[in-house]
Amino acid sequence: MIRKILVLLETAVVLAGLLLGFAFWQQYQALNQPLEVAQEQLLDVPAGSTPTGVLNRLQADGVIKDAFWLRLYWRFNLSGQALHSGEYRMVPGMNVKGLFDVWKRKEVVQYSLTLVEGWNFRQVRAALAKQAKLDQTLAGLSDSELMAKIGHPDVFPEGRFFPDTYRYVRGMTDAELLKQAYSRLEEVLDEEWNSRSSEAPYSNPYQALIMASLVEKETGVPQERGQIAGVFVRRLKLGMQLQTDPTVIYGMGERYNGKLTRANLKEATPYNTYVIAGLPPTPISLVGREAIHAALNPVDGSSLYFVAKGDGSHVFSDDLDAHNAAVRDYQLKRRADYRSSPAPAAPATPAPATDSPSSEAVPADVPDAPQPESNAQ
């Protein structure tokens with residue numbers, strides 16, 4: 001009797017060993033099978049997906065076989081490993097083990113969106129809407145509704161987002177990306193505010209942000225940001241109007257067709273710095289760290305005017321006579337390759353008379369004529 005029991009036990013052990021060996025062999029075969037993909041494919045793993053569900057889907061799509069053994073392997077070897085949502089690359093020559101390794105390392109496909117210095121919020125929204133891999137949750141919302149959705153109700157959106165390259169994965173929302181850009185702007189502004197010059201004339205960081213947007217839009221050569229900020233700050237302190245074309249353009253909104261006229265400069269809008277005193281009520285564009293730094297650390301000097309030379313740089317003048325002379329040299333006698341910013345631009349017509357600091361001003365005895373596109377565009 002005891003001998004029979006021992007024989008049965010030995011047989012059971014042998015069978016168990018054979019079954020275990022068979023299971024290990026099946027798992028080995030399943031793990032080392034190549035993925036059936038003829039070219040690179042992206043595997044979408046939505047939030048909340050399980051390895052079981054994804055493996056079953058891959059088998060149904062003909063990418064793998066023996067999903068049962070793979071599910072078993074995951075359960076006993078990787079049960080504590082979460083499956084991160086996103087997209088994973090599957091390439092020819094990759095086997096299932098390689099795909100599991102990618103899952104374990106959370107190597108999801110990343111995309112990027114660059115928000116550019118000088119963009120207005122309308123351009124930001126347009127760029128977000130073009131990102132097919134972002135979950136679009138903001139379409140159809142007004143600007144104020146959008147700001148409420150990202151947690152900042154009653155905040156005007158213009159200039160409130162930091163221009164930078166932001167990376168995201170499929171399934172991330174456009175609202176989440178904007179939250180990152182908003183927080184990043186606040187961080188940079190706080191850092192620069194805390195190291196501001198004693199010459200900075202602002203009572204709060206938001207005023208500095210407004211000034212930085214003017215500097216951003218008027219600057220053609222990066223190293224001149226501080227000088228341009230210096231001109232604007234001195235004009236503020238003297239009670240002079242800022243008279244900068246980008247504010248006029250912003251106030252016109254979608255009516256702007258690429259040119260300004262004398263009538264545009266006289267048009268009363270909250271942003272027209274040829275009409276209003278001091279700063280406009282809000283920023284007019286996205287602002288980089290360099291422009292914020294320049295606004296908070298204006299270069300000392302006595303210049304009150306600047307005029308575009310045609311190569312992206314400016315001539316700075318202390319008085320209107322010197323400014324008018326520079327205008328005659330660089331605006332009325334424009335060379336064929338004239339440009340008011342680093343990127344090539346088409347030649348434009350001289351602007352009307354003004355005491356503006358802008359690079360497009362001309363002497364008072366020049367006849368009325370359409371004004372060219374601002375150098376900051």
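**Chain overview and helix packing**

Q: What kind of model is this?
A: This is a predicted model.

Q: How many helices and strands are in the chain?
A: The chain has 13 helices and 6 strands.

Q: And what share of the residues is buried?
A: Of the 377 residues in the chain, 46% are buried.

Q: Contacts next. Of those with a separation of 6 or more, what share is between residues 24 or more positions apart?
A: That share is 67%.

Q: Switching to packing. At what angle do α7 and α8 pack?
A: About 100 degrees. Helix α7 covers residues 174–194 and helix α8 covers residues 205–218. Their axes are 10 Å apart.

Q: Why call α7 and α8 roughly perpendicular?
A: Their angle is about 100 degrees, and 65 to 115 counts as roughly perpendicular, so α7 and α8 get that label.

Q: Which residues make the contact?
A: From α7, Leu-185, Leu-189 and Trp-193. From α8, Pro-205, Ala-208 and Leu-209. By class, that is 6 nonpolar, no polar and no charged.

Q: Now α2 and α4. How do their axes cross?
A: At roughly 145 degrees, coming within 14 Å. Helix α2 is residues 51–60 and helix α4 is residues 96–104.

Q: Left-handed or right-handed?
A: The crossing of α2 and α4 is right-handed.

Q: Which residues meet there?
A: Val-54, Leu-55 and Leu-58 of α2 meet Leu-99, Phe-100 and Trp-103 of α4. This contact has 6 nonpolar residues, no polar and no charged.

Conventions. Residues numbered from 1 in each chain as written. Predicted model: local features only at pLDDT ≥ 70, side-chain atom pairs only at ≥ 80, totals over all residues. Heavy atoms only, no water. Axes fitted to C-alpha atoms, helices over the stretch in contact; angles between N-to-C directions. Helix = DSSP H or I, 4+ residues; strand = E, 2+ residues; numbered from the N terminus. Parallel < 35°, antiparallel > 145°, perpendicular 65-115°, else oblique. Contact = heavy atoms within 4.5 Å. Nonpolar A, V, L, I, M, F, W, Y, C, P; charged D, E, K, R; others polar. Left-handed = near helix turned anticlockwise from the far one by under 90°. Buried < 20%, exposed > 50% of the residue type's maximum accessible area, 1.4 Å probe, protein only.
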